[in-house]
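User: I would like to learn how to read a sheet and a helix in a model like this one. Could you take me through one of each?

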Amino acid sequence: MTAKTIVEKIWDQHVVRSAEGEPDLLYVDLHLVHEVTSPQAFDGIRQAGRTVRRPDLTLATMDHNVPTDPRQVRGELPLQDELSVAQMEALRRNCEEFGIRLFQMGSRNQGIVHIIGPELGLTQPGAVIVCGDSHTATHGAFGSLAFGIGTSEVEHVLATQTLPQRLPRSLAIEVAGPLPAGTTAKDLILHILSVIGVDGGVGHVIEYRGEAIRDLSMEGRMTICNMSIEGGARAGLIAPDETTFAYLKDRPYAPKGDDWDAAVEAWRGLVTDEGASFDRTVHITAADVAPTVTWGTTPAQSVRIHERVPTLDDAPDEGTARQWQRAFDYMGLQGGEAFGDLHLDKVFIGSCTNGRIEDLRAVAEVVQGQRVADGIQAMVVPGSGLVKAAAEAEGIAEVLIEAGFDWREPGCSMCLGMNPDQLAPGERAASTSNRNFEGRQGFKGRTHLVSPAMAAAAAITGRIVDVREHLPSV
Amino acid sequence: MQPVSAIRGRACPIDSNDVDTDQIIPKQYLKRVERTGFGPFAFAEWRYLDDGSPNPDFAMNRPEHAGANVLVAGRNFGCGSSREHAPWALEDAGFQAIVAPSFADIFRTNCGKVGVVCVALDDEVVQRLFDLIAADPGVEVTVDLEAQRVHAPAVSELEGVDVTFDIDPHTRHCLLNGLDDIGMTLEHEDAITTYEATRPSYTPLVPTP
C-alpha cells in the first residue's frame, strides 16, 4: 500500500468523481455560511432556479458585521448601520427560505464562524469543511481539510455540496522541541510566518508536525492553523490525537454512542504514513520562539519582543527595502525603534485567531489585580456566546471588567472593522487578530499583532512589552 | 459569465508585492448584497485622497492609464481575505486580465469564476512589462487566452514581450466558453447521490430548523 499524507487520505475519501484532465469533484461535509460572502450566492441559486442540496450539512451565523455593544445586541440601542442590518436580514431570509440553521445575533450559540463549529462538535477529523472566509483553515486543527472559498464557490457548494478541486501540493512544517516558557501558539505561528513569508505556502496545504505542535491544546492548534492563510497556504492541519478526541467528546453535535467509537477508530488512521513524502519541508526550532510582535503591514513582518524594528539596512534587497519603507510610513515608524517606546492607543482581544476561552484565561492571568493603563482603550470580544458565558462563569469577565476592559458581545469586531469597532486614523493598537494590513482595523489604523498574553501586558502597561516580565508563572 | 478570448489594450501598473484584497476592496464596501457596482471602490484607500477626490499619483487615476483593461502587478497579488468582491471590483473597473509573477490561491480561483484572466509570468518578464508601460503608457498589451500567449511590442530601445503562459486547463476551458461550472457539476448529480450513500454515519449533521 502506498504511504500517504493525511491530506491524501482525506482527499481519497471525498472524491465523488475523477476524470482525466479535469479537477476532482470533492464532497463537502460541512459548509459554514455568514452574512458577508453569502447574499450573492443565494441570489445566484434563486436566479438559476436551483436549491440548497444539503441544508443539514450547512450552518449559518452572523459574525462579520454584528455590533458588539451589549446595548445594541439587546435591542436597547438602535443598530445604526443600515447596510449591515440589510445584510443580516438577507441572511435571515435566505436561511428561512432554504431551511438552514442560523445562529442570529443575540443567540447563545452565535459567534465567529470558526469558533462555533469546533465548540459545537461539528468540526471533526477527516472532514472536508469550507466557508466563504479565508480563515477556514482554523478547523484543520482537528485534522480536517478546511479551506476558504469565494462567493461563486459558496454558491457551488450550496447547489451541489461539492467543489471541483485539484490536490494541492504538500508542505510539512516540523517544529522541533518544546516551546519556551512564556511563549504561545500565536508567537509560534508569527515566527513560522516570518520564516516562510506571506507567500511561502501558496498552492500548498501545510501539515504542522513535531513536539511543540503535539504539546498544544486544541485552542492553540486552532490559532496555528487559523493563520495558515497568512502564509498563503490553501489550508493547514494537524493530525488528530487524544487531545483532539478529548476536546470533541460530548460536544453537542459530536458523534455519540457507537458512532463515537466508530469515529474515533477511523480518526486514529488520520496520520501521515511513515515514508509518505511531502513536496516541501520546513524545519523550525521551537527554542527560537519568543513573544513576537509585528512591526509592519504583513503578518510576516515581525520580530521577537526584545529585538528592535528593523532598519532599511537590514532589508535583503532593494525591492524589500521599498516595501519596508512603505510599511514604515504607514505605521508611523522610522525603523530601529524599541517597541516599549511606541505610544499605544488601543488593545483588541478577540477574533477567530484568539477569541477562545483559553485565550481569555491567558489574558486574565496577566491582568489579575491590575488596571488598564491610563489613556488605553482595551476591548475584549469573546469569540462566541458560549465563550462569553464560560468566561463569565469562570470569573474571567469580572477580572477583566474590574481592570477596566470593555467587555463586549461576540463577533469578528475590530479584527476587520466592518462594525463600529475600529481604529481611528493614526491610532496604534496591540491586537490578537490575524491581519495588520493597511486599513484593516480602521482607515489609517496601525496594528501590531501579538498573543493574548502580550495584548494583556500591553493593556496594563500602555506599551508593547515582554509579557514574561508580567507573568506570575514564569 | 461571458466567454473570454483575447484581451487587448492598455495596461495599468500596480508595482507592489503582496497587494492584499483589503486594499483591492476595503471592508466598508463589502456590505452590498449585489454582485455589481463595486468598480468605483476598487483600491479606494489608495485611489482617493482624504477629501474623496482622486489621488493624482495613483496609477488608475492617471490619464495615460485611463481605459486600461490589463492590470500588471507584483508578486502574490490578491493575498489575504477570500472576498470575491475583489475580482468583482476589478472587473467592474474594466480589468479583464491581470498579469503578475504570482497570485494568491483563493483570489485566482475567484477571478476564474468572475471571468478575469490571471496570468503568472516570470519576474523579469513582468518587470519588462512595467518598463514598457513606463516608457510608453499607451503600449498595447495582448493576453491571448486561446493561444496562452502574452504580447507587448518593443518600445524604442526596450525589447518587447512575447511569451506563453500556463493556466489550469479547466479554468481556461470555462473562461473561453463562458461556462457555468455549477451546471457542469450538476450533470454528475447521480455520482453525488451515489457517493452520499457511502458516507459514514458519524459525519457531522446540522439540525435543521
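**Reading a sheet and a helix**

Analyst: Bear in mind that this is a predicted model. We can begin with a pair of strands: strand 2 (residues 24–27) of chain A and strand 8 of chain A are paired in the antiparallel sense, over 4 bridges, and within strand 8 of chain A the bridge partner of Asp24(A) is Gln165(A).

User: What is the order of the strands in the open sheet of chain A, and which are its edge strands?

Analyst: The open sheet has 3 strands in the order 1-2-8 in chain A, with antiparallel pairing. Its edge strands are strand 1 (15–17) and strand 8 (162–165) of chain A, each of which pairs on one side only. Neighbouring strands of this sheet are turned by 40° against each other on average, with direction ignored.

User: How do I read a helix, and what span does helix 12 of chain A reach?

Analyst: One can compare the span with the expected value, and then look at the ends and the packing. Helix 12 (residues 318–331) of chain A, with 14 residues, reaches 20 Å from its first C-alpha to its last, close to the 20 Å expected at 1.5 Å a residue.

User: Which residue caps the N-terminal end of helix 12 of chain A, and what follows just after the helix?

Analyst: Asp317(A) caps that end, placing a side-chain oxygen 3.1 Å from the backbone nitrogen of Gly319(A), whereas just after helix 12 of chain A comes Gly332(A), with a positive phi of about 70°.

User: Against which strands do the buried residues of helix 12 of chain A pack?

Analyst: The buried residues of this helix, among them Thr320(A), Trp324(A), Phe328(A) and Tyr330(A), pack against strand 18 (428–431) and strand 19 (446–449) of chain A.

Note on methods. Residues are numbered from 1 along each chain as its sequence is written. Chains are lettered from A and ligands numbered from 1 in the order in which they are written. This is a predicted model: local features need pLDDT of at least 70, side-chain atom pairs count only at pLDDT 80 or more; totals for chains, interfaces and linings use all residues. Side-chain values use heavy atoms; hydrogens and water are left out. Two strands pair if DSSP finds at least two bridges between them. Helices (H or I, at least four residues) and strands (E, at least two) are DSSP runs, numbered from the N terminus. Axes are lines fitted to C-alpha atoms, for helices over the stretch in contact, and angles run from 0 to 180 degrees between N-to-C directions. The expected span of a helix is 1.5 Å times one less than its number of residues. Buried means under 20% relative accessible area, exposed over 50%, partly exposed in between (1.4 Å probe, protein chains only). Contact means heavy atoms within 4.5 Å. A polar contact is a pair of N or O atoms within 3.5 Å; within protein, one must be able to donate a hydrogen and the other to accept it, and residues adjacent in sequence count only if both atoms are side-chain atoms.
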